[in-house]
Structures are given as structure tokens and as C-alpha cells.
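Subject: A structure for you to explore

Hi there,

Here is the structure I promised to pass on. Have a look at it first, and then read my notes below with the model open beside you.

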Amino acid sequence: MARPLEDIRVLDLTWVLAGPFASMILADLGAEVVKVERLPNGDISRTTGPYQNGWIGYFFSINRGKKSISIDLRSADGKDLFLKLVEKADVVIENFTPGTMARLGLDYETLAARNPRVILASVSGFGQTGPYSDRPALDIVVQAMGGMMSITGEAGGGPVRPGASYGDLTAGLFATIGVLTALHERERSGKGQAIDISMLDCQVAVMENSIMRYFVTGEAPGPLGTRHPSATPFQAFPTADGHIVVALAFGEENQWNLLCAMLGVPELIDDERFETGPKRTRNHAALEPILNDAFGKRTTAEWYADLLEAGIPCGPVNTVPDVVNDEQVRFRGSIKEVTHPVAGTIPIADTPVRLSRSETGIQGPPPSMGWDTVDVLREWLGLGAEEVAALEGAKVVATSGGPDISRIA
């Protein structure tokens with residue numbers, strides 16, 4: 001099957017996580033993503049562990065299926081070479097601090113002058129405008145400033161960073177949405193445009209429920225552990241050997257009655273404190289110890305089987321080993337083994353986008369730095385071996401190599 005974005009060329013100036021996650025998705029959907037790495041060391045995530053056979057697992061997982069070329073964008077010849085590539089590109093993605101592209105002489109106006117159809121997607125901590133625009137930001141910074149850490153953790157506890165890098169990942173996802181939107185609009189207008197993705201904006205967007213509740217109630221939301229702020233029971237409960245999540249559907253009081261009977265606490269059915277979802281939420285402090293005690297009398301597997309049979313939404317709280325070995329995850333092929341000639345085989349999470357007529361998914365291993373410089377310059381610009389050699393001799397480009405094993409595959 002054809003890949004949906006196989007006719008799209010992307011010049012990828014991104015580094016670390018937010019930007020590379022966006023370009024990774026585009027690569028999984030079939031785009032030719034060419035990672036443009038700075039001399040001499042490239043993306044700094046090439047030095048972040050853990051390692052397998054000297055190769056960096058972090059870089060491996062989010063740069064799979066891409067190509068790599070090395071260009072010195074600070075040199076006049078390097079900038080000119082990059083702009084020639086822009087003429088052949090559909091998308092340029094970068095996640096530098098705002099102002100960096102302009103200082104390099106590669107702002108959107110310059111790119112569009114060379115290629116009016118090109119789309120520039122910029123991901124930054126606070127966006128290209130506003131009083132914070134020139135401030136650097138990493139994932140935990142925008143999670144903190146966006147309110148996410150204030151609502152995460154146990155009630156009464158301090159702020160907690162969620163276990164995944166939601167500041168980076170949500171920005172990467174919204175950047176991908178922006179690129180796909182701009183590509184669609186270009187079909188109508190024939191013109192590219194600039195996309196401005198702020199990590200802080202993205203955190204505000206995914207705080208939708210908490211922000212709405214603040215304006216409706218006037219109260220600042222706080223951490224609730226695994227609880228839902230307006231549905232009860234809707235949380236994790238301790239079992240005899242682990243934890244299980246139970247999530248009663250809104251307004252389904254028949255499920256509450258059934259759950260009480262299964263837990264051996266039928267007296268709760270007629271308790272006026274718990275007869276509706278809103279009442280159960282208001283009286284949660286009295287209800288939770290009773291439910292904890294009931295769930296603690298059996299194992300997670302026993303509860304899971306019985307609750308599923310009764311049609312009550314539930315699931316075990318899995319560890320990472322549990323997840324990657326789960327029969328549904330394995331059946332769907334959510335984890336894919338990717339083999340690199342040096343790193344060997346590393347199983348990593350595949351794209352969740354599945355299409356009925358088009359192929360999606362990981363296209364191959366990540367690139368060694370500069371490994372594709374020769375091929376890209378030949379295929380995109382028609383440069384011959386002698387021309388590339390001259391550029392390398394002038395230190396404008398690098399074709400491969402470097403101090404660590406990840407670059408001499």
C-alpha cells in the first residue's frame with residue numbers, strides 16, 4: 001500500500017523531543033524527513049542514554065525512519081545550500097528559541113521568497129510572540145507554568161510531574177496537526193504559511209476541564225490522585241495484589257447498584273449519601289475507605305474478570321512490562337522491533353494511526369549523523385560526488401563519521 005504522505009518532503013531542524021516527535025509522526029505517515037544536523041555533534045539527544053551497543057536509545061526511539069544530513073548553517077555556503085533544499089521541500093520544522101531562525105537568516109519570509117509553497121512549523125516554549133517569547137523552556141517548565149503539575153498527585157500533596165513528557169509530546173502532536181492543516185489549505189491557496197506552536201498554549205489546551213471548572217465554580221482545582229473531579233467511583237483501587245481502575249459511566253446508576261452487590265456492600269445502594277454520582281463525589285471521603293476495603297479482598301485478575309463480565313468499565317493498573325506484553329497491544333502491533341546495523345534490534349512504540357487503504361508505521365531505523373548527506377544532495381539538488389566532496393572539504397557539510405559509534409554505522 002502507498003503511504004499517505006509519501007510525496008511530502010520535510011527538512012527537519014528539530015532537536016531533543018517536541019520537534020523530533022512531530023517530524024517522527026510525519027515520517028511514520030510516509031513523508032521523507034531529512035534531519036538537518038549541526039556540525040560537529042548534531043542533535044544533543046544523541047548523547048542521552050540508555051545505550052545499546054553504543055547507540056542511544058532515546059535518539060533511536062524518536063528519530064526512526066528519518067534521514068540525516070550535516071550542514072553548517074552558520075556559514076554563508078551552508079545557508080545557501082539549505083535554501084536550495086528549501087526550494088525542493090514542502091515543510092521545514094524547527095524548535096529553536098524564537099529569534100534563532102532570523103539570526104541564521106532563515107526566517108519564514110526568507111524561506112517563502114525561495115519557495116512560496118513551503119510551510120514553516122516552529123515549536124517553542126512560549127510561542128513567537130508575547131512577553132515570554134524569548135525565554136527558553138523545557139517540558140517540566142511548561143508543565144509547571146501551564147498548571148498541569150498543580151492538578152497531578154495525591155490530594156494535599158505537592159506538585160507532581162506526570163510520568164510522560166506531556167509538555168513536549170502535546171506540542172509535537174499539535175505541530176503535526178498544524179502541518180497537516182497547512183498542507184490541506186495549500187491545496188486550495190497554492191501557498192505555504194508559518195505555524196506557531198507554543199508549548200504553554202498546548203498545556204492550556206489540554207487543561208480544558210480544569211479551566212472550565214475554575215470559571216464555573218470559582219475554585220482552583222487541585223490534585224485528586226487517580227480520581228475524576230465529577231464522577232465517582234472513577235479511580236484506581238487497591239486489590240490483594242495490585243490496583244484496578246473502575247470508571248462508572250455518567251448517569252448509569254444501574255452500574256453503581258451492580259457494583260455494590262459485587263463488592264458485597266449492598267447497603268450502599270440505599271444510602272442517600274451515595275445514591276447519585278454527584279452525591280458520591282461530594283461524599284467521597286466517606287465512600288473511598290469502604291470501597292478500598294472491599295476491593296482489597298480479591299486479586300486484580302479476579303476483579304477484572306468479574307467486572308468485565310458484568311459490563312462495568314475497568315482495567316488493571318499495568319506496569320510497562322505488563323503493557324508491552326498485553327495481548328491487545330501485541331495483537332494490534334503497537335510495539336515494533338526496529339533493527340539497526342550497530343544498535344541491533346530495539347522494540348519501540350509504533351504510530352497509532354491506522355488507515356484502511358494506506359500504509360503507516362515505522363519506516364526503518366534512525367540515521368547516523370550525516371549518513372544521508374550524499375544521497376539527499378544528489379537526489380534533491382543533483383550534486384555530483386566531486387561537488388559534495390568540495391563542500392565537505394570546506395567544512396560546509398559532513399557526510400558521516402564522528403567521535404562516537406552512533407555515527408560510524
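There are 20 salt bridges in this predicted model, a salt bridge being a side-chain nitrogen of Lys or Arg within 4 Å of a carboxyl oxygen of Asp or Glu. Residues are numbered from 1 along each chain as its sequence is written, and side-chain values use heavy atoms, with hydrogens and water left out. Because the model is predicted, local features need pLDDT of at least 70 and side-chain atom pairs count only at pLDDT 80 or more, while totals for chains, interfaces and linings use all residues.

Side chains of opposite charge can pair when their charged atoms come close. (Helices, H or I with at least four residues, and strands, E with at least two, are DSSP runs numbered from the N terminus.) Both R64 and D28 are buried; buried means under 20% relative accessible area, exposed means over 50%, and partly exposed is in between, using a 1.4 Å probe and protein chains only.

Now turn to helix α16 (residues 373–381), where R378 and D375 lie three residues apart, about one turn of the helix. These two also form a salt bridge, with 3.0 Å between the closest N and O atoms. R378 meets E379 in a salt bridge too, at 3.8 Å from N to O. D375 is partly exposed at 31%, and E379 is partly exposed at 44%. D375, R378 and E379 are linked with R9, E32 and K67 in a network of salt bridges.

**A strand with both faces covered**

Is strand β7 (residues 119–124) enclosed or open? Six of its six residues are buried, so β7 is largely enclosed by the rest of the structure. On one side you will find I119, A121 and V123, on the other L120, S122 and S124, and all are buried.

What runs alongside β7? Strand β6 (residues 91–94) is joined to β7 by four bridges, and the two run parallel; strands pair if DSSP finds at least two bridges between them. Here I93 stands opposite A121. β7 also pairs with strand β8 (residues 194–198) in the parallel sense, over five bridges, and L120 stands opposite A194 there.

I93 turns up again as one of the contacts of D12 (contact means heavy atoms within 4.5 Å). Leaving aside neighbours within four places in sequence, D12 touches S23, V33, V34, K35, V36, K66 and I93. D12 lies in strand β1 (residues 9–12) and is buried, at 0% relative accessibility.

**A three-stranded sheet**

Elsewhere, three strands form an open, antiparallel sheet in the order β9-β10-β11. β9 (234–238) and β11 (314–316) stand at the edges with a single partner strand each, so one side of each is left without a neighbour in the sheet. From one strand to the next, the twist averages 20°. Three bridges join β10 (residues 243–247) to β11, and V245 has G315 as its bridge partner.

**Two helices in contact**

Two packed helices are described by the angle between their axes and the distance between the axes. For α10 (residues 253–263) and α12 (residues 284–295), the axes come within 10 Å and cross at roughly 50°. Axes here are lines fitted to C-alpha atoms, for helices over the stretch in contact, and angles run from 0 to 180 degrees between N-to-C directions. The two helices are therefore oblique to each other: angles under 35 degrees count as roughly parallel, over 145 as roughly antiparallel, 65 to 115 as roughly perpendicular, and the rest as oblique.

Which residues meet? W256, L259 and L263 in α10 touch L287, L291, A294 and F295 in α12. The residues of this contact divide into seven nonpolar, no polar and no charged. (Ala, Val, Leu, Ile, Met, Phe, Trp, Tyr, Cys and Pro count as nonpolar, Asp, Glu, Lys and Arg as charged, and the others, Gly among them, as polar.)

Enjoy exploring!
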